[in-house]
Amino acid sequence: MSDSSSSHDSPPPPAITGVSEPPVANDSDTNAKCQTALQSLSSIVTTATIPPTISLLLEDNAVSAAISSLLQLPDSGAGDNNLCRWLYDTFQSSEPQLQLLVLRFVPLIAGLYLSRVPLRQPQAGFEAVLLALYAHETTSRAGQAVTVNIPDLSHASIYHESKGPAKNNSTCLNIAVISSTLDPHGTVRSTRRARIVGVALELYYGKISMMPRESKLNFCESCEKWAGQNGEREEEEQPRGLIPEEESVAVGGRSEKDSGRIPLPWELVQPILRILGHCLMGMKGEDREVCEAASKACQSLYLRSLHDINPKAILATGSLLRLREMALDPKNQVDHTEISSDNVLSV
């Protein structure tokens, strides 16, 4: 991958680099912004009727399909693309409802963008949208990392007696980084690309419970393309063992341009697996199609991590598949809080 990106073909909108704190808007301002956005969208999407409200638009399959078709056109990511400009302006409005609508299409935008990078196509339009999401998150977090404290099991808790000398609590903290620090970026370069797209996926994951099923299916399809497995699956016994050597060689010999296969650094894999984890485990079997699509995507990523000999990705994807397998096991479907009828005495 080259050191320069497609952003050099057409510069992103200048407003991306600085995102100020949004003013507090009243209901009339919100409604006015929403109606303006809907009217602008109706001039771009001419093959479907735009609903009168944002909440209806988010669930409208016809309009979503029309927008998806426009995004998948060969020149859709160019800097002068009207739909990319609309997505950029809509997210910059700072209205939560409008931002949610833009996030709905993040899986498709990220999938198309990353898969087209090896083709050297102009993608300043897609990059402007992704940079707007990145700048929003950078500002809201003040560039700080997101971390959690993990208990250190090698030290006794406060509820147990300790035979050893007391230790400073500060030395007992294991801090795990959920999302690393964010530096302001106004352009997309090859060294920043994975991080910027990863942050956009983190934003999507934060609102995933509000996303429609088609958006989640788009994401699962993109993951399969990124893994570059072209539909090949593990055998029933996997991930218990490695895939056959000849299969691994065949997977690695495919052209990245033909399969959509992309580099998968941890900056991308981490938010990807969070989203897949929700689709696999967080929906409680509400949508079987989404669960199956997420399972296939996770299997493809597992095969890819085996091929790349990436221990961290192997452990993460393999564990997710194991959890899914355990959840589907009938032996684990027992509710132990229920009282068995065999143990009830009738008087």
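Colleague: Contact means heavy atoms within 4.5 Å. With that settled, what share of the contacts with a separation of 6 or more comes from residues 24 or more positions apart?

Modeller: In this predicted model, such residues account for 74% of those contacts.

Colleague: How many helices and strands does the protein have?

Modeller: There are 14 helices and two strands. The protein has 347 residues, and buried residues make up 44% of them.

Colleague: Which residues of α14 are buried?

Modeller: A313, T317, G318, L320, L321 and R324 are buried. They sit on the same side of α14, because they cover an arc of only 155° around the axis.

Colleague: Why do residues three or four places apart in an α-helix point the same way?

Modeller: An α-helix has 3.6 residues a turn, so residues at that spacing point the same way.

Colleague: What does the buried side of α14 pack against, and which exposed residues are on the face turned away from it?

Modeller: The buried residues of α14 pack against α12 (266–282) and α13 (288–308). The face turned away carries P311 and L315, both exposed.

Colleague: New topic. How many residues are in the largest nonpolar core, and which have the most contacts inside it?

Modeller: That core has 81 residues, and those with the most contacts inside it are L71, L201, W226, I272 and L276. It draws at least three residues from each of two domains: domain 1 (28–152 + 175–209) and domain 2 (212–229 + 261–329).

Colleague: What do nonpolar side chains tend to do in soluble globular proteins?

Modeller: They tend to be buried together.

Colleague: Take L276. Which residues is it in contact with, neighbours within four places aside?

Modeller: L276 is in contact with F219, C220, C223, A294, A297, C298, L301 and L320. L320 is also one of the buried residues of α14.

Colleague: On to charges. What is the salt bridge count?

Modeller: The count comes to 11 salt bridges.

Colleague: Which residue forms a salt bridge with E289, and how far apart are the closest N and O atoms?

Modeller: The partner is R213, with the closest N and O atoms 2.4 Å apart. E289 lies in helix α13 and R213 in helix α9 (residues 213–227), so the pair ties together parts that are 76 residues apart in sequence. E289 counts as partly exposed at 43% relative accessibility, and R213 as partly exposed at 32%.

Colleague: What about E214 and its salt bridge?

Modeller: E214 forms a salt bridge with R213, the closest N and O atoms being 3.1 Å apart. E214 is partly exposed, with a relative accessible area of 32%.

Colleague: And R261, buried or exposed?

Modeller: R261 counts as buried, because its relative accessibility is 10% and buried means under 20%. The side chain of R261 meets that of D308 in a salt bridge, 3.3 Å from N to O. That pair links distant parts of the chain: R261 is in the loop between α11 (256–259) and α12, D308 is in helix α13, and they are 47 residues apart. D308 is partly exposed, with a relative accessible area of 36%.

Colleague: Last one. Where is S94, and how far is it from H136?

Modeller: S94 is in the loop between α4 (82–92) and α5 (96–103). S94 and H136 are 42 residues apart in sequence and 9.1 Å apart in space, C-alpha to C-alpha. S94 is partly exposed, with a relative accessible area of 32%.

Definitions and conventions. Residues numbered from 1 in each chain as written. Predicted model: local features only at pLDDT ≥ 70, side-chain atom pairs only at ≥ 80, totals over all residues. Heavy atoms only, no water. Buried < 20%, exposed > 50% of the residue type's maximum accessible area, 1.4 Å probe, protein only. Helix = DSSP H or I, 4+ residues; strand = E, 2+ residues; numbered from the N terminus. Arc of directions from axis to C-beta. Core = buried A, V, L, I, M, F, W, Y, C linked by side-chain atoms within 4.5 Å. Domains from an automatic or database assignment. Salt bridge = Lys/Arg side-chain N within 4 Å of Asp/Glu carboxyl O.
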